[in-house]
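Let's take a friendly walk through a protein chain, from its overall build down to a few single residues. Keep the picture in view as you read.

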Amino acid sequence: MKRRRLSSDTGNFNPPEIDATKLPAERLLKTSDLPGPKDAKLWEEVLKELPVDILLLTVKDCEFLSCVSHLNKGYIRSSHDNLGPVYFGLMGTGPTLKIAVMKCYPGPLAPGGPLTTVTNGVEVLRPKAVFCVGFCGGLGEKVRLGDVAILAKLRTYSSVKVTDSGIQERGLAVPLERNLLSLIKNADDGWKAPLRDCGEVKVWKDGVYLSGPEKVESKERREELVKRFPDAIAIEMEGQGLFSAAHDLKVEWIVIKGVANLADGREPESWRQFASVMAASLTAHILSKSIVFKNWPHYKR
C-alpha cells in the first residue's frame with residue numbers, strides 16, 4: 001500500500017477501507033450489537049472466568065468496540081460494583097487467553113479515569129498485564145495518520161519548573177518492564193492489517209509517548225512539545241494514570257494506539273475508528289501468541 005500523507009484539506013482525506021470480515025466478529029460491532037444489561041451474567045456466574053490473563057482498557061466507544069470485535073464469538077457481559085460493565089471473552093486460536101475489556105473516563109487523574117479503573121480492575125480481575133488500546137495524536141515529522149505506535153517509554157510533560165532561563169522538565173521518563181519491552185521488538189511479525197487492499201500499516205515499536213492532562217489541538221502547542229521532546233512520536237491522556245496504578249500494583253502495562261490526528265486541531269472523524277481498529281488488530285495479533293504469556297504471573301500470584 002502506498003503510504004498516505006496528510007493533505008491540507010483533511011475533510012477530503014479518508015483512511016484506507018477496513019475489511020471487517022477479517023475480524024473475529026466478521027464485522028465491526030456497533031453499540032446496538034452488544035448484550036445489554038438485561039442480557040448480562042450475574043457476577044457470581046462469571047467468577048469461573050477469573051483470573052483473566054489480560055485486561056484491555058479503552059476510553060471512547062470506537063476503541064471499546066474495536067477491542068470487543070476482536071474477541072472470539074461467545075463473549076459475555078457482566079457488572080461489578082467497583083468496576084461497572086466488564087466484557088469477558090477469549091482471543092486467538094489454539095491455546096487462547098482470557099480477556100477482559102473495560103472502559104474508563106479520559107484523563108490521567110479524572111474520577112473513573114485510568115488510575116482508579118486500573119487499580120480496581122487489577123485487584124478484582126487479577127490479570128497478568130494491562131493493555132491500553134485505542135487512538136492517539138502523532139508527533140514528529142515521520143509519523144502519519146493510521147500508523148500504530150507501541151509505547152516503549154512514557155514521558156509525562158505537565159510537571160515542570162519554570163524559571164527566567166526557561167523550562168526545566170520534572171516529569172517522569174519510564175520505560176516498559178523487561179517482559180513487554182522484549183516482546184514488542186517483534187510485535188508485528190506476521191501481522192496483516194485488516195484492509196481491503198491488503199496493504200500495510202506502519203508500526204512504531206520504539207515509541208516515546210507523551211502523556212498528560214491536555215487534549216492538544218493546537219499547531220503552536222504541538223510544535224512546542226515537539227521542540228521539548230524531539231524523540232516523542234505520540235501524545236495521549238491515559239498512559240500516566242495507567243502507569244501510576246500498574247507501578248503500585250506491580251503489574252505489567254503497555255499502551256498501543258493508532259494515530260488518528262496530528263495534535264494540530266485537524267482530526268478527521270473517520271480516522272478515529274480506523275486507528276482504533278488497527279491498534280486492536282495488532283494487540284490481538286500480539287496476544288495470539290499465548291505461549292509467550294504462559295509463565296507470566298497473575299496479579300498477587
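## The overall build

In this predicted model, the protein chain folds into 7 helices and 12 strands. Along the principal axes, its C-alpha atoms fill a box of roughly 60 × 45 × 35 Å.

How does the radius of gyration fit what a compact globule would have? For 301 residues, such a globule would come out near 19 Å, and the protein chain has 19 Å, so the two agree.

Of the 301 residues in the protein chain, 55% are buried. The chain also exposes about 14300 Å² of surface, and carbon and sulfur atoms supply 49% of that area.

Contacts tell you how the chain folds back on itself.

## The nonpolar cores

Which residues have the most contacts inside the largest nonpolar core? They are L56, F88, L125 and F131, in a core of 97 residues. Helix α7 (residues 269-287) gives this core its largest share, 11 residues. Another core lies apart from it and has 10 residues, including L210, V216, L225 and I235.

Now pick out F131 in the structure. Leaving aside neighbours within four places in sequence, F131 touches I54, L55, L56 and L57, along with L180, I254, I256, T283 and L287.

## A strand with two partners

Next, look at strand β10, which covers residues 203-211. Is this strand largely enclosed or left open? Because 7 of its 9 residues are buried, β10 is largely enclosed by the rest of the structure. Here "buried" means a relative accessible area under 20%.

Strand β10 pairs with strand β6 (residues 148-156) in the parallel sense, over 7 bridges. In that pairing, A149 stands opposite W204 of β10. Strand β10 also runs parallel to strand β11 (residues 232-236), and 4 bridges join the two. There, V208 has A232 in β11 as its bridge partner.

As you follow a strand, keep one general idea in mind: in a regular strand, side chains alternate between the two faces of the sheet.

The UniProt record, an unreviewed entry, lists residues 111-280 as "domain: Nucleoside phosphorylase". In the model, that span is 30% helix and 32% strand, and its end C-alpha atoms lie 25 Å apart.

Terms used
Residues are numbered from 1 along each chain as its sequence is written. This is a predicted model: local features need pLDDT of at least 70, side-chain atom pairs count only at pLDDT 80 or more; totals for chains, interfaces and linings use all residues. Side-chain values use heavy atoms; hydrogens and water are left out. Buried means under 20% relative accessible area, exposed over 50%, partly exposed in between (1.4 Å probe, protein chains only). Two strands pair if DSSP finds at least two bridges between them. UniProt positions are given in the numbering used here, feature names are shortened, and annotations may be inferred rather than shown by experiment. The radius of gyration is taken over C-alpha atoms; the globule rule is 2.2 Å times the number of residues to the power 0.38. Accessible areas come from the Shrake-Rupley method with a 1.4 Å probe; for residues, only the protein chains shown count as cover. A nonpolar core is a set of buried Ala, Val, Leu, Ile, Met, Phe, Trp, Tyr and Cys residues joined through side-chain atoms within 4.5 Å. Contact means heavy atoms within 4.5 Å.
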